[in-house]
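Reader: I would like to learn how to read the features of a model such as this one, beginning with the way in which helices cross. Could you take me through them slowly, giving the general idea before each case?

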Number of protein chains: 8
Amino acid sequence: MEDILKQVQAGTLTVAEAKEKLATYENLGFAKVDHHRKKRQGFPEIIYGEGKSSEQISSIITAIKEKNNDVLVTRISKDKAETVLKQHPELIYHEIAEILYWKQNKEKVTESAGYIAVVCAGTSDLRVAEEAAVTAEALGSDVRRIYDVGVAGIHRLLDNIEEIQHANVSIIIAGMEGALPSVVGGLVSHPVIAVPTSVGYGASFQGLAPLLTMLNSCASGISVVNIDNGFGGAYNAVLIDRIANNKG
Amino acid sequence: MEDILKQVQAGTLTVAEAKEKLATYENLGFAKVDHHRKKRQGFPEIIYGEGKSSEQISSIITAIKEKNNDVLVTRISKDKAETVLKQHPELIYHEIAEILYWKQNKEKVTESAGYIAVVCAGTSDLRVAEEAAVTAEALGSDVRRIYDVGVAGIHRLLDNIEEIQHANVSIIIAGMEGALPSVVGGLVSHPVIAVPTSVGYGASFQGLAPLLTMLNSCASGISVVNIDNGFGGAYNAVLIDRIANNKG
Amino acid sequence: MEDILKQVQAGTLTVAEAKEKLATYENLGFAKVDHHRKKRQGFPEIIYGEGKSSEQISSIITAIKEKNNDVLVTRISKDKAETVLKQHPELIYHEIAEILYWKQNKEKVTESAGYIAVVCAGTSDLRVAEEAAVTAEALGSDVRRIYDVGVAGIHRLLDNIEEIQHANVSIIIAGMEGALPSVVGGLVSHPVIAVPTSVGYGASFQGLAPLLTMLNSCASGISVVNIDNGFGGAYNAVLIDRIANNKG
Amino acid sequence: MEDILKQVQAGTLTVAEAKEKLATYENLGFAKVDHHRKKRQGFPEIIYGEGKSSEQISSIITAIKEKNNDVLVTRISKDKAETVLKQHPELIYHEIAEILYWKQNKEKVTESAGYIAVVCAGTSDLRVAEEAAVTAEALGSDVRRIYDVGVAGIHRLLDNIEEIQHANVSIIIAGMEGALPSVVGGLVSHPVIAVPTSVGYGASFQGLAPLLTMLNSCASGISVVNIDNGFGGAYNAVLIDRIANNKG
Amino acid sequence: MEDILKQVQAGTLTVAEAKEKLATYENLGFAKVDHHRKKRQGFPEIIYGEGKSSEQISSIITAIKEKNNDVLVTRISKDKAETVLKQHPELIYHEIAEILYWKQNKEKVTESAGYIAVVCAGTSDLRVAEEAAVTAEALGSDVRRIYDVGVAGIHRLLDNIEEIQHANVSIIIAGMEGALPSVVGGLVSHPVIAVPTSVGYGASFQGLAPLLTMLNSCASGISVVNIDNGFGGAYNAVLIDRIANNKG
Amino acid sequence: MEDILKQVQAGTLTVAEAKEKLATYENLGFAKVDHHRKKRQGFPEIIYGEGKSSEQISSIITAIKEKNNDVLVTRISKDKAETVLKQHPELIYHEIAEILYWKQNKEKVTESAGYIAVVCAGTSDLRVAEEAAVTAEALGSDVRRIYDVGVAGIHRLLDNIEEIQHANVSIIIAGMEGALPSVVGGLVSHPVIAVPTSVGYGASFQGLAPLLTMLNSCASGISVVNIDNGFGGAYNAVLIDRIANNKG
Amino acid sequence: MEDILKQVQAGTLTVAEAKEKLATYENLGFAKVDHHRKKRQGFPEIIYGEGKSSEQISSIITAIKEKNNDVLVTRISKDKAETVLKQHPELIYHEIAEILYWKQNKEKVTESAGYIAVVCAGTSDLRVAEEAAVTAEALGSDVRRIYDVGVAGIHRLLDNIEEIQHANVSIIIAGMEGALPSVVGGLVSHPVIAVPTSVGYGASFQGLAPLLTMLNSCASGISVVNIDNGFGGAYNAVLIDRIANNKG
Amino acid sequence: MEDILKQVQAGTLTVAEAKEKLATYENLGFAKVDHHRKKRQGFPEIIYGEGKSSEQISSIITAIKEKNNDVLVTRISKDKAETVLKQHPELIYHEIAEILYWKQNKEKVTESAGYIAVVCAGTSDLRVAEEAAVTAEALGSDVRRIYDVGVAGIHRLLDNIEEIQHANVSIIIAGMEGALPSVVGGLVSHPVIAVPTSVGYGASFQGLAPLLTMLNSCASGISVVNIDNGFGGAYNAVLIDRIANNKG
């Protein structure tokens, strides 16, 4: 701020110019984060598709592309996606993950020195697992998928534990009793992001059961996101993966 | 019933005698179970101590002993137990399990051909685990205790899995996230009785979290009893253990 | 393990062969259960049909049949089942139970020396009751169905109580207030598996009411599985029924 | 109202007198119930003791006695009651029911042509059962106590069912799983008032379990009051008992 | 029982005949209620239509009519009812109440000396209110409907309070905040049956809000049935109404 | 009342006339509010459209128009509205707000000296926000819409805070975590009405999460209405806005 | 901002001075509210006493008094208050309201042209009612207390309704079923702030029942604050009362 | 494994030696994590103090010190800590955090290239905030405390936002409405660990409200741990901080 004021004092800056600069400065106190993040990290702009029409999504994408940015649409059904694709045929739709994304500047992605392990308990958790995996990939991380390794058959997990242990961070997805993050948490030394799913019935209460399980985990190093929030799990994991990779 | 009526017809039974016998018959339709069970299996009579005064407990015990039966008092605090022990010094009090019991006829207990595995996740679950173990022993079963083998350090469980696998039935006790029964359930071929405990804080909601975890277990062969109900878990396990042993 | 090492020492086993054998051994520490169970007990492989397409189910069945194993598919709707039956016409579909199953080796089933009582409160609980009954039969147990004996007309239950009392184990299915297991539990001396159903409305809260009722039962010898989990109830009961029969 | 106006018209009533009478009339539209009830039925005035000091209770009683009315104080602990009794020694304190009451005009009570059955499941429900029984007696009804007849030992209930069946109305009190009203409801033809209690632990959730059980009862003719509300159950039952007796 | 035995003793009854009579006697201990009720009170047999097919309902009705009994089907949709009506055209369908009923012997109905007040808060509660009113009428009671008198416009209630006050018993139906029974309860001296409805949104939680409101009512003389249970409310009210009328 | 009585006394009023006048007076004690409000404030009559057929709505509107009053129908779907519009083409339908309204006497609206700020967190909250905004406008207030200013991008809120600060009262609408009212509450000196929405998924539990957030706000001056109750929020705000404007 | 820059340009302000002024400006964008409110309205600074020691409270008060401001401490027990009073003897402690307050500049309070009605249902709600009333008075409003007018005796409320109707705003406090705000809301034309209390037992669930009742009120013009939050209710009411009075 | 087998083949390893090595290898598959973590990262061994006696804690510490390891005891009250300190006077007790810890080898701690921001909303959250801060320090991280910056006074947060933005990771602690993590999450580009606290009353439901708020946050990059779990928040943050620092 001092510089701007000195320029005004020196007459090299008009009052109007100074006003605009100061306004920017003031706003930057809160807004710089977004710009900073996008510039340094190449994050796409993210649209939550649920509750938006395909027309709304299409026009938001048009606006983003005009700024030459990447885009990532989550929770978008096949029907909606097909309508959007007619107008934006360069986008890619991932049917299981229900994600529509576009990467203009693939070269921006950092050379990855590690990976995120996306681990899920059962095949019914696939949609959420793929939402996590595809999101992480779209945000520029390498991903290893270790699926169908629920705790009821612990040998399947133990057969794959080394690949999980070597990750920078892991995303553990589980419905029903949601016990998988606790077991994995005791076997790895990196941060674990736990994602409960609404898979189950009866006393699962739409994912409340695995949510409580994960929050009460007696393993250290586990934090939790909302039920079915594969995107949120991935976003957290990518932030950590970037810390690991950017410093390497 | 036919026999009684024929005796009346034949005059070898008065109407009054027949009436009493028929009443007994009628009631036995519902009541015989208790007598049958006690006679064949040597079950003690069980008193739930919570909410009863030491005086009430003492006089119930006196009544039971007059029938020459064994007795088992659960959920009885040390203070109350000490008062009861003054009047019934032949009883034994187990402080951690909070159980007071007495066995008059120890020779009645069947020669055990197997055992119940009592498994608990952490040292904080000890009270419930001991309630289960002491109950099972008082009901005449052999018990093996495998404690402090929670899923967050899965190698501790795996180091002890063979002893659990060789049991006739196992009681798995866990608080916090309650994931242990799911893991054990996938490693054994016998019935598993899961007992959630109120151990934990915050989103454990006094045992709701492990209760839901256990009800939603994706491992087969697991059934669940009430929160902190070590006694109930043991009672179920003993019924199964007796089936296994009585037939051997 | 010692044997394998001695063979290596003796040169009768190559390093590669030993490595594979040891890996098997190591895994068997955790995996042997499944193989053991299937071999000794003739359990079919179980597929949870909900959330899987008929194509997915069909191809899993094909894979199982290649291993010459039995198969049991639960929670499969009539529509899906009919599609699967086109490819696997030798399977049998039970419409009420929503179960599709196949038994190649019927002679493997043990000669039964007892039976499981499947008891339900009302006709609305039929789907869950049949899921339990058909599962138990498919797993090789004899089953007696005692239906529509809810506690609001206790004489119907008392008229059938002897058949329940003579079972090795009983599965009690009830929705609405779920009081039936408590009453039965006081009249039998064998283990009772209680299955709450989501039948009801209003303050039943999709089965929460009977679930809580059963967990709080003051009758001893009752354990509980998830809401509507007829399969789980049957699986538990069969484990106990086999203990009773295998020893006979 | 017409009468009053006619008297004004006739000059036998001043405007001031008419105004007061009409005000009374107007208020009576809403208030007459209380007076009517007390006069015809001899209901005492009821004080809810919880959260009131013994001083407050004492002075309310003094005020009631000045109006020559009976009084009934519920939920009053022994300590408080003893303080109140110093000032009002003519009152009677019932320790288990935690009720303090006084009956000046015992002759007012109607000649009873029937009774209320107060039925409870276990000895732990005694406090609530006695709150119901003593309240009903203080309100002028005859009461028969049938205690400790929980459903887990159904023969105890069946041994006493005739006494319950002959009542005008019954109050059924139960904690834990709360199944007793359902069973009784199927065996009697009179109205059943169900009172859940907070007796239990774990998944009883302070009486939520029996409350839901009773609300979902598949027996007809059962209605429910709040958890531990023995007073409310009695009040409802007395209203019905009076209908039965007043008409006889 | 004594009579039967004496006849056997006297030889006027064979053993087989005595056996059957005693069995009846024994069962009557529990079953007589239903017969008694039906005979004395002319209650129709009640079928809960939800979850039953029109074919199932039709055949149950056929069986009931063979016994010359009345029938009442609740929770039956228009579609199902129309199918049933083709086979049983003498039945009457009440579309709002979703009740199908038939009265063969209308003269059996007792001469009514009073009535039940069916009171509801808003027009959205109409379905439940009519379920209550039509049920009560089908069970032989006189009914007065006082609708749309919710507490937010208290003058509407006060304008109708006398008609409610003169009833033998009232059924108060309300959704949303469910405050109506509390207000009515303070204005009448007869028993009030409160029926919460699932009418509302958001924090009504499908009727949980008015259910809790009614259970916590500070007015005396109110008891509660399940959410949307118009039938249950009516059944309770009719039992009380019959006590009032039968004695008159 | 005195006047009426004096006229009776003087013979200038018959008893019948006096009776009717007094009845009116009595009722006015409770009913005058509605009339007063409508007359002074020009409030339309409000119909809650959900659960009412288009026929029912049409005939209520006809009745209201006969009294020359304004009308406002909330929660009415496009389909229903179109049917109503055929009979009442002078009404206006707002599709997002799902509100149908009519203003006969627009000149009655007070000259507004301030405005209500309607603030919402995300575009998914639009339906509720518009229900609030359109309701407030239909009730005669000026409204400023400040949308899509959720707390996750606090600079968007801060850029618009002055417009919110200058309002007489603000309605803050938010789903998901519902944090917006807390932040706004700390930045304004007028009353804040918080409206939680059911927008979200998983642990939002249909709006329970933002409802609890708003009730627990540590900012002073915030009160809360039901989930998705945009109408209720607006009604409260208009009452306050009128106080501010009517006095100006 | 423009003025400051022009002064810099003109040389009448140094860079350092301008920097400080601009910083103030920037912060004022968010902070000015508090200062503005206090200066114009004479609001005391408010301390939430729960969880703070009497030492902490004392030193905060000392700091506030140095700024010559008023102070208001809520939720402070008698014990703590007495300790604080030793150091600050000029403060006044209100024992029922558990509020400690101090008014240095009583003349600052605006001449009140109206009042707030504080209405409560029962004597058990007194603590919360007094917290509301004393807070409102300490914030400078006139208060009328209308206590013990619960809906179960509606005539008590109707006898006092005019005093409530004439208020600028009313605070309605109720526990148990919490129906009072709905009834009052239908009888007044001003905003109603509803405060649920934790008074009650059983299914009141610590105030959840009245909270839900109030949120679901079908009366318009009601908004709700947290359970037992008498302070919050008063703060909202005072904001509205000031709007009414400041304009008068 | 191959190496071991080759040595056996070559005769340089006996069968017994090989067996032990392989056993170690096998176990290491699961156990190596703990050792690895401790060796590389200098993590102390952690004891959860709640529910353990001071004697138990003392003897566990003795055992740990024999292995020359650091120790950290959480949730240990002042009383217990003082008893433990008598036997282990070299330990340090942090009273607010309720943590007892000991660091033998302080030089092992990595040279920190960044810090963790511990941010809390109010002074009542201090205990949990200090549990987080002291834990993080004891685990070797640098910590910056930014306290009392709740969202109701957003300028306090904005004044400190740069210090938070420069952290590697932040722990955000909040009770009541728990909105702080959402606001911070929108202003920083690093991972945010949110810790709800049980601070609050009424509808906070012991921390359920802020827990749900945080799980539903619409800001990306936030994950959540259990209510009051300051330790868990710190553990997660330290794992991330080490990734950031170890790579620098």
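Reader: What is the handedness of the crossing of helix 9 of chain F and helix 9 of chain H?

Author: A crossing is called left-handed if the near helix is turned anticlockwise from the far one by less than a right angle, and right-handed if clockwise. In this case the crossing of helix 9 of chain F and helix 9 of chain H is left-handed. Please keep in mind that this is a predicted model, in which local features need pLDDT of at least 70 and side-chain atom pairs count only at pLDDT 80 or more, while totals for chains, interfaces and linings use all residues. Residues are numbered from 1 along each chain as its sequence is written, chains are lettered from A and ligands numbered from 1 in the order in which they are written, and side-chain values use heavy atoms, with hydrogens and water left out.

Reader: At what angle do helix 9 of chain F and helix 9 of chain H pack, and how far apart are their axes?

Author: Two packed helices are described by the angle between their axes and the distance between the axes. The axes are lines fitted to C-alpha atoms, for helices over the stretch in contact, and angles run from 0 to 180 degrees between N-to-C directions. Here helix 9 of chain F and helix 9 of chain H, each covering residues 208-215, pack at an angle of about 125°, with their axes 8 Å apart. The two helices are therefore oblique to each other, given that angles under 35 degrees count as roughly parallel, over 145 as roughly antiparallel, 65 to 115 as roughly perpendicular and the rest as oblique.

Reader: Which residues of helix 9 of chain F and helix 9 of chain H meet?

Author: Contact means heavy atoms within 4.5 Å. By that criterion F:Leu208, F:Ala209, F:Leu212 and F:Thr213 meet H:Leu208, H:Ala209, H:Leu212 and H:Thr213.

Reader: What angle and what distance between axes describe helix 9 of chain A and helix 9 of chain B?

Author: Helix 9 of chain A and helix 9 of chain B pack at about 125°, with their axes 8 Å apart. That makes helix 9 of chain A oblique to helix 9 of chain B, and their crossing is left-handed.

Reader: How should I read a sheet, and in what order do the strands of the open sheet in chain H stand?

Author: Helices (H or I, at least four residues) and strands (E, at least two) are DSSP runs, numbered from the N terminus, and two strands pair if DSSP finds at least two bridges between them. In chain H, 4 strands form an open sheet in the order 1-2-4-3, with mixed pairing. Its edge strands are strand 1 (45-48) and strand 3 (92-94), each of which pairs on one side only, and the twist averages 15° from one strand to the next. Strand 2 and strand 4 (residues 99-102) of chain H run antiparallel and are joined by 3 bridges, with H:Tyr101 as the bridge partner of H:Leu72. Helix 5 (residues 126-138) of chain H packs on the sheet, touching strand 2, strand 3 and strand 4, and its direction makes about 10° with that of strand 4.

Reader: Where is H:Ile76 placed, and is H:Ile76 buried or exposed?

Author: H:Ile76 lies in the loop between strand 2 (71-74) and helix 4 (78-87) of chain H. Buried means under 20% relative accessible area, exposed over 50%, and partly exposed in between (1.4 Å probe, protein chains only). H:Ile76, at 0% relative accessibility, counts as buried. Apart from neighbours within four places in sequence, H:Ile76 is in contact with H:Ile57, H:Ala81, H:Val84, H:Tyr93, H:Glu98, H:Ile99 and H:Leu100.

Reader: Which residues does D:Ser204 touch?

Author: D:Ser204 sits in the loop between strand 8 (192-196) and helix 9 (208-215) of chain D, and is buried, with a relative accessible area of 1%. Not counting residues up to four places away in sequence, D:Ser204 touches C:Asn216, D:Ser198, D:Val199, D:Ala209 and D:Pro210.

Reader: How many helices and strands are there in chain A?

Author: Chain A has 10 helices and 9 strands, and 61% of its 248 residues count as buried.
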